[in-house]
Amino acid sequence: MAEPGGDVLRLEGITRDFGEGEARTQVLRGVDLSLRRGEFAALMGPSGSGKSTLLHIMGLLDKPTGGRILLDGQDTGLLDDDGLTRYRGSTLGFVFQFHHLLPEFTALENVMIPMAAGKGRVEAPMRDAARALLDRVGLSARADNRATTLSGGQAQRVAIARSLARSPKVVLADEPTGNLDTQSADGVFALLRQVNREEQVTFLVVTHDRRLAERTDRIIELVDGRLVSDQPNQPR
Amino acid sequence: MRFEWFIAIRYLREGKAQTALVLGGTTVGVAVLIFLTALISGLQRSLVAQTLSAQAHVLVKAPERVARPLPGPDRPADHVEKVPDRIRSIEQWQRVLASIGTIPGVLAATPTAAGAAFASRGPATKSVTLRGIEPESFARVIDVVPKMKAGRFSLEGTEAIVGTVLASDLGVGVGDKVRLATPEGRGDIFTISGIFDLGNKEVNARWVFVPLRSAQTLLDVPGGVTTIEVKVAEIFDAERLAREIARRNGLSADSWMELNQQLLVGLRSQSASSWMIQALVVLAVALGIASVLGVSVIQKSREIGILKATGTSTGMVQRIFLLEGALVGAAGSVLGAGVGSVMAIAFAGLARAPTGEPLFPVDLTPGLYLGAATVAIVTGTLAAWFPASRAARLEPAEVIRYG
């Protein structure tokens, strides 16, 4: 278990290649990176620098070609597919650029799905827990609306509530505000920050937006699959 | 509720057009299954029942006598003449009758003494088959009582029961007298106690029932019987039981199946073609379910990726789609059973014989519904196998990024 302030996620020499033979391209070229518990970090870099790939590898959605991932003290290379799914479900939360809510379900149900998937059953208390999370992101009034009827900002707030459904240690957010207008983006970013402060959840937020990155504790920059800068930041 | 059910039911409910499409296909498939099976089995049952209305399931007779040349080199035989067919009694028939009654699967057995005779009244003479019977045990083997058109099915003293055709040929009714005589010249006067209609013109024109004792006297087989007629519990078991009876008693025993081979061949080829049609229908339904679910998996790729990213295991994803197939099969079998039953009943109602009897009796049994539902659910699940495996194999990172 990670101690407060200790590493909750550690990457050691992560490489990731795509393609075979001639067409082989190295997207990540040896990334070493640690995230401390309760940290709120921004990952920046130009398009094609490998940000999303790195995020997917950290999120156990993709496997590195080389290197080691330690998540909450567990070497994830030792887990099989089902083990990875379980571990991912219980320790990680995701927020994507497009909210990726399931359109067949209401806001409330979308938040419940990770809980139900984890237990293998849909249980009544999950409803209350999901409602509390929606309340948290300020959307309890829209709990029973279909995901498709929500505005972009609302949907992204539901997605944040969903990422918190199983009390993760780390939330990975891939341009969570990239698709929102400035006002909504500020609101969503503020919400992430608030959750981080109140619950000591570690956040790694991929963003293109220097202005938003300046509001985090740490700015990591990736260029051509390598970390080129990793600076603590004093949020304004 | 289990997680997989929650997702699968919602996917089916929300995917309205797709669900309607596969459900419609499955419903039609099950309806065809129900309709065709009900019709064919009803038709076959009625054909068999018709055939067996005047026929015992197994006929036991004395073994055929085979002439053999006497051995010895000094008297070589040029040829062997067949023994003339004369009425022969079954030896120790009471013992044989009792022994047949103990064979499992045999419901009833009755002794009869049968032979050729003439029935005459005034100037009218008809050639008939004289059948000496014990009415009570006979009625247990051949269901003749409900088929009596006039009088009653009982024989006392010198009473006789004739068929409708013979009664009209001779112009006789219940209470009238007829003379029955054998070609050898033995004869007696009988009073008609009843007239039957066994649904077979030949039988109605030729059969004359008389008391066993009277027939034994007329046919000159005192105390003897020529056949023992047997009813079995399971009609398609008749052949096996006939062999069993023959083996135990050293007699000749023919099942109705042997005596009606052409009918049986007809029934078998009818069943075979019906099975073929049903197999093709099931295949078409399976392909329909597989293709629609396949499209749905492609459309939902990104959602499946999200489900996996949020802790849904590969096995769960697979079960969600298998469950969709099974649920479509289950719902389709309920709807199809309704449609198929309505079709079958309507069809039976349309085609009626002049008597008002349905020409095409349909056989809608619980077993049929159960069978069709099993086929539909298994087909749905198997058809979903390929799309489900495809969904389970999706890599979340790829589908989230590229869709």
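Guide: Start at Val122(A). It sits in the loop between helix 3 and helix 4 (124–136) of chain A. Helices here are DSSP runs of H or I with at least four residues, strands are runs of E with at least two, and both are numbered from the N terminus. Residues are numbered from 1 along each chain as its sequence is written, while chains are lettered from A and ligands numbered from 1 in the order in which they are written. The model is predicted, so local features need pLDDT of at least 70 and side-chain atom pairs count only at pLDDT 80 or more, whereas totals for chains, interfaces and linings use all residues.

The cut-offs are simple: 20 or more other C-beta atoms within 10 Å make a residue buried, 12 or fewer make it exposed, and partly exposed lies in between, with C-beta atoms placed from the backbone.

Now its contacts. Leaving out residues up to four places away in sequence, Val122(A) touches Met112(A) and Ala116(A) in its own chain, and Met1(B), Phe3(B) and Phe6(B) across in chain B. A contact means that two C-beta atoms, placed from the backbone, lie within 7 Å. For a sense of distance, take Leu212(A): it is 90 residues from Val122(A) in sequence and 37 Å away in space, C-alpha to C-alpha.

Next, the meeting of the two chains. Chain A puts 25 residues into the contact and chain B puts in 22. On the side of chain A that touches chain B, helix 1 (51–58), helix 2 (81–91) and helix 3 (107–119) each supply at least two residues. By class, that side of chain A has 10 nonpolar, seven polar and eight charged residues. Here Ala, Val, Leu, Ile, Met, Phe, Trp, Tyr, Cys and Pro count as nonpolar, Asp, Glu, Lys and Arg as charged, and the others, Gly among them, as polar.

Move on to the sheet of chain A. Six strands form an open sheet in the order 6-7-8-3-9-10, with mixed pairing. Strands pair when DSSP finds at least two bridges between them. Strand 6 (92–95) and strand 10 of chain A stand at the edges; each has a single partner strand, so one side of each has no neighbour in the sheet. From one strand to the next, the twist averages 15°.

Follow the sheet towards strand 10. Strand 3 (residues 40–44) and strand 9 of chain A run parallel, joined by four bridges. Met44(A) faces Glu221(A) in strand 9 of chain A. Strand 9 (residues 218–223) and strand 10 of chain A run antiparallel, with six bridges. Val223(A) stands opposite Arg226(A) in strand 10 of chain A. Strand 10 (residues 226–232) of chain A is hardly covered: of its seven residues, the buried count is zero.

Now the other end of the sheet. Helix 5 (residues 152–163) of chain A lies across strand 6 and strand 7 of chain A, at about 170° to strand 6 of chain A. Such angles run from 0 to 180 degrees between N-to-C directions, and the axes are lines fitted to C-alpha atoms, for helices over the stretch in contact. Glu175(A) lies in the loop between strand 7 (170–174) and helix 6 (182–199) of chain A. Its phi is positive, about 45°, although Glu175(A) is not a glycine. Glu175(A) is buried because 21 other C-beta atoms lie within 10 Å.

The largest nonpolar core has 122 residues; Val111(A), Leu134(A), Val158(A), Ile34(B) and Ile289(B) have the most contacts inside it. Helix 12 (residues 314–350) of chain B gives the largest share of this core, 12 residues. Apart from it lies another core of 55 residues, including Val58(B) and Leu166(B). A nonpolar core is a set of buried Ala, Val, Leu, Ile, Met, Phe, Trp, Tyr and Cys residues joined through C-beta atoms within 7 Å.
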